[in-house]
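Subject: Structure handover

Hello,

Here is the structure I promised to pass on. Please open it alongside this note; my findings follow below.

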Amino acid sequence: MEFSPSQLIFYLLSFIIIVSSIYVVTLKNIFHSAIFLILTLFSVAGIFILLGAEFLAVSQVLIYVGAVSVLMIFAIMLTSRLASKKIVQSNEQVTTAIFICAGFLLISLGSFANTVWRVNTEPLPENNIMTIGQLLMTDYVLPFEVVSIVLLAALIGAIVLSRKAGA
Amino acid sequence: MLQYLALAAILFAIGVFGVLTRRNAIGILMSLELMFNAVNINLVTFNKYVGGDVLAGQIFSLFVIVIAAAEAVVGLAIVLLLYRNWRGIDVDRINVMKW
């Protein structure tokens with residue numbers, strides 16, 4: 001069986017993604033889970049590049065790998081007592097959860113295989129970032145503004161929640 | 001195209017498993033991030049192979065990333081508040097809002 005380079009990279013990346021995401025949900029030490037989460041998010045950025053979404057890959061690295069993971073690690077360290085090895089990190093629903101996930105996976109994979117996709121062969125625009133910028137300022141300007149208000153609300157909400165009462 | 005969809009489905013299933021079995025509230029938030037990433041892979045794949053509108057899928061997944069960041073910020077603030085008031089973030093113990 002002959003693989004093209006992009007296929008080889010895809011299989012390598014998806015192997016890393018699947019193994020490290022299993023580590024994220026099963027490791028006992030929550031700090032190690034956070035490190036594997038960073039690895040997973042980085043490999044997903046690689047998948048975005050394979051799919052021709054360079055701008056999305058860059059924002060994935062900036063926002064997820066740069067900001068969200070650091071936030072997670074900060075929260076883990078502030079609640080550090082729970083990171084010790086003795087605490088069991090999973091509850092008694094493990095068997096049920098495995099069955100639910102396997103069922104979901106079987107149903108979705110079966111429906112992917114049995115659907116006739118209307119595959120579009122026309123290529124994406126060459127200048128990805130420029131097109132995204134133009135679309136954000138023209139067609140998608142209303143969701144863009146709404147999202148900025150959501151970010152402001154999240155900022156204020158986090159400050160209000162986490163300050164000490166009466167301060 | 002099917003391989004990307006399969007990867008996204010596997011990632012989403014692992015995320016669901018994490019949300020269902022984790023005790024630690026931060027672990028649940030991390031599994032949620034996995035699920036968001038699976039959805040993003042799906043959106044970008046459909047944008048490349050099936051999409052009719054130019055780059056609509058990529059812009060939508062950009063919005064998903066932004067909303068996920070906002071969700072992580074508010075969720076972790078709530079987790080810190082829980083830790084301050086309950087001396088722990090084990091979600092099995094935090095059941096005052098269960099009827």
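The centres of domain 1 and domain 2 of chain A, taken over C-alpha atoms, lie 23 Å apart. Domain 1 covers residues 1–85 of chain A, and domain 2 covers 125–167, according to the domain assignment. Keep in mind that this is a predicted model.

Chain A overall

Chain A has six helices and zero strands. Its pattern along the sequence is α-α-α-α-α-α. Buried residues make up 22% of the 167 in chain A. Of the contacts in chain A with a separation of 6 or more, 55% join residues 24 or more positions apart.

Two helices of chain A

H4(A) runs over residues 94–114. H4(A) is hardly covered, with two buried residues among its 21.

H6(A) takes in residues 141–162, 22 residues in total. From first C-alpha to last it reaches 32 Å, close to the 32 Å expected at 1.5 Å a residue. Two of the 22 residues of H6(A) are buried, so this helix lies largely in the open.

The interface

How many residues of chain B are in contact with chain A? The count is 59, and they meet 68 residues of chain A. On the chain B side, the elements that give two or more residues are H1 (2–21), H2 (25–49) and H3 (56–86). H3(B) provides the largest share, 20 residues. By class, the chain B side has 42 nonpolar, 12 polar and five charged residues.

H6(A) against H3(B)

The axes of H6(A) and H3(B) come within 9 Å and cross at roughly 10 degrees. Angles under 35 degrees count as roughly parallel, and H6(A) and H3(B) are therefore roughly parallel to each other. On the chain A side, the residues include A:Val147, A:Val150, A:Leu151, A:Ala154 and A:Leu161. Among their counterparts in H3(B) are B:Phe63, B:Val66, B:Ile67, B:Val74 and B:Leu81. The residues of this contact divide into 17 nonpolar, two polar and no charged.

H2(A) against H2(B)

The second pairing joins H2(A), residues 30–50, and H2(B). Their axes come within 11 Å and cross at roughly 10 degrees. H2(A) and H2(B) are therefore also roughly parallel to each other. H2(A) brings residues including A:Ile30, A:Leu37, A:Leu41, A:Val44 and A:Phe48. H2(B) meets them with residues including B:Ile26, B:Met30, B:Glu33, B:Leu34 and B:Ile41. This contact divides into 12 nonpolar, four polar and one charged.

One residue to look at

B:Ile65 sits in helix H3 of chain B. Is B:Ile65 buried or partly exposed? It has 19 other C-beta atoms within 10 Å. A residue needs 20 or more to count as buried, so B:Ile65 is partly exposed. Leaving aside neighbours within four places in sequence, B:Ile65 is in contact with A:Ser59, A:Gln60, A:Ile63 and B:Asn40. B:Leu20 is 45 residues away from B:Ile65 along the chain, and their C-alpha atoms are separated by 22 Å.

Best regards

Technical notes
Residues are numbered from 1 along each chain as its sequence is written. Chains are lettered from A and ligands numbered from 1 in the order in which they are written. This is a predicted model: local features need pLDDT of at least 70, side-chain atom pairs count only at pLDDT 80 or more; totals for chains, interfaces and linings use all residues. Two residues are in contact if their C-beta atoms, placed from the backbone, lie within 7 Å. Helices (H or I, at least four residues) and strands (E, at least two) are DSSP runs, numbered from the N terminus. Ala, Val, Leu, Ile, Met, Phe, Trp, Tyr, Cys and Pro count as nonpolar, Asp, Glu, Lys and Arg as charged, and the others, Gly among them, as polar. The expected span of a helix is 1.5 Å times one less than its number of residues. A residue is buried if 20 or more other C-beta atoms lie within 10 Å of its own, exposed if 12 or fewer, and partly exposed in between; C-beta atoms are placed from the backbone. Axes are lines fitted to C-alpha atoms, for helices over the stretch in contact, and angles run from 0 to 180 degrees between N-to-C directions. Angles under 35 degrees count as roughly parallel, over 145 as roughly antiparallel, 65 to 115 as roughly perpendicular and the rest as oblique. Domain bounds come from an automatic or database domain assignment.
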